[in-house]
Amino acid sequence: MFQGMEYVLAVYQAQSFSKAADKLYISQPSLSANIKRIERRLGHTIFDRSTIPLKVTDFGEEYIRQALRIQQVEEDFDYFRYQYDNLEWGQLTLGGTSLFAAMILPKLMAKFNQAYPKIQLELREENSRHLIDWLHAGTIDLLLDNTPLDDSVFDHLQYATESILLAVPADFSVNQEVKDYQLPLSVIKANDQQIFDWPALPLEALEGLPFVFLKEDNDTGQRARAICHDQAFDPQITYRVDQQLTAYNISVSGMAISFIGDQLIVNNFDHDRLVYYRLASPAAQRPINFYWRKDRYLTRVTQAFLDKVQEDLSKNS
């Protein structure tokens, strides 16, 4: 019904067919023919051609009022599209456990914000189980986690490969007995393959010492149990906790040995009250991935964030 309204609006604003034709870069007869075609389609005249200057009819006044509203909507949408195309509009909700929410995601968010300051970023922190539920429901757009998720449901970008280490309180006397196995901080922070050149500590050396384990539904907890099973080692579990940072802090306090991911150390959570050891087990290696739903539309903002992460990974490789 409003097809060709740009001709009508041009004549209305110029109050002249000839001036409007000049503005539209078409001939006056062509413009007049277009206006008459619109009027025939509507069944009413828009302009009263008997007056000078040109006036609009009662019907034309309402047509033009609605056409101006449509024109404003189109202009608003064009501006939105410009902002969207240039990443000046949008939002992104990221999810992570307390570990990743504290040590990795804020750094990545800061870099993204520097590149795209008008994008609204939100960070949700919870345990892995709740975060996976949120990702299913669409409450969060991306999840950073070390828990393996179903490849048929989720797509992913690998952010890092993590080694699970032992963190032993420095005042435990066993450290003197196994000092040849101690991992220097420099080797851990290098975050590369040289860590595998270091000898792995046999768990039997820690017989009878207190351990803090993450609970069975946690990936680190599951892997710690698998590592012990591989070596037929029965740990003396004194504490069971939900979060890796909690286990780590229990070790820092000198109460128990913990299994931790090396990304804690890589991201400067190291502590001089702990001694670190490598573990020999397939379960001691795992990927850290960004996950998103395969069946959901990947927004331009989400893709830009993943591209930025990939760019940073390429620079650091």
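Leaving aside neighbours within four places in sequence, Tyr-7 is in contact (heavy atoms within 4.5 Å) with Leu-24, Ile-26, Leu-31, Asn-34 and Ile-35. The model is a predicted one, in which local features need pLDDT of at least 70 and side-chain atom pairs count only at pLDDT 80 or more, whereas totals for chains, interfaces and linings use all residues. Residues are numbered from 1 along each chain as its sequence is written, and side-chain values use heavy atoms, with hydrogens and water left out. Tyr-7 itself lies in helix α1 (residues 5-14), where helices (H or I, at least four residues) and strands (E, at least two) are DSSP runs numbered from the N terminus. With a relative accessibility of 22%, Tyr-7 counts as partly exposed, a class that falls between buried (under 20% relative accessible area) and exposed (over 50%), as computed with a 1.4 Å probe on protein chains only. Although Tyr-7 and Ile-35 are 28 residues apart along the chain, their C-alpha atoms are separated by 6.8 Å.

Two of the partners of Tyr-7, Leu-31 and Ile-35, also take part in the packing of helix α3 against helix α2, in which Phe-17, Ser-18, Ala-20, Ala-21 and Leu-24 of α2 meet Gln-28, Leu-31, Ser-32 and Ile-35 of α3. Helix α2 (residues 17-24) and helix α3 (residues 28-42) pack at an angle of about 105 degrees, and their axes are 9 Å apart; the axes are lines fitted to C-alpha atoms, for helices over the stretch in contact, and the angles run from 0 to 180 degrees between N-to-C directions. Helix α2 is therefore roughly perpendicular to α3, given that angles under 35 degrees count as roughly parallel, over 145 as roughly antiparallel, 65 to 115 as roughly perpendicular and the rest as oblique. The loop between α2 and α3 contains Tyr-25, a residue other than glycine whose phi is positive, near 60 degrees, and which is exposed, with a relative accessible area of 77%.

The domain assignment of the protein chain gives domain 1 (5-86), domain 2 (91-159 + 288-316) and domain 3 (161-285), the bounds being taken from an automatic or database domain assignment. The centres of domain 1 and domain 3, taken over C-alpha atoms, are separated by 74 Å.

The largest nonpolar core has 38 residues, and those with the most contacts inside it are Leu-142, Tyr-248, Leu-264, Tyr-276, Phe-290 and Phe-305; such a core is a set of buried Ala, Val, Leu, Ile, Met, Phe, Trp, Tyr and Cys residues joined through side-chain atoms within 4.5 Å. Helix α13 (residues 300-316) supplies the largest share of this core, five residues, and at least three residues are drawn from each of domain 2 and domain 3. Beyond its neighbours within four places in sequence, Phe-305 is in contact with Leu-92, Leu-94, Leu-108, Phe-112, Leu-142 and Phe-290. Another core, of 22 residues, lies apart from the largest one and includes Leu-166, Phe-172, Leu-201 and Phe-259.

Helix α13 packs with helix α6 (residues 105-115) at an angle of about 115 degrees, with the two axes 10 Å apart, which means that α6 is roughly perpendicular to α13.

Helix α11 (residues 244-252) is largely enclosed by the rest of the structure, because seven of its nine residues are buried, namely Gln-244, Leu-245, Ala-247, Tyr-248, Ile-250, Ser-251 and Val-252. Gly-254, which follows α11, has a positive phi near 90 degrees. Gln-244 is also one of the residues touched by Thr-220, whose contacts, not counting residues up to four places away in sequence, are Asn-146, Leu-214, Gln-244, Phe-259 and Arg-286. Thr-220 is found in helix α10 and, at 2% relative accessibility, counts as buried. By contrast, Ala-232, in the loop between α10 (219-230) and β8 (236-241), is exposed, with a relative accessible area of 75%, and has a positive phi of about 50 degrees although it is not a glycine.

Trp-198 is located in the loop between α9 (185-190) and β7 (210-214) and counts as partly exposed at 27% relative accessibility. Its contacts, leaving aside neighbours within four places in sequence, are Asp-180, Tyr-181, Gln-182, Leu-183, Pro-184, Val-187 and Arg-278. Trp-198 and Asp-180 are 18 residues apart in sequence and 9.5 Å apart in space, C-alpha to C-alpha.
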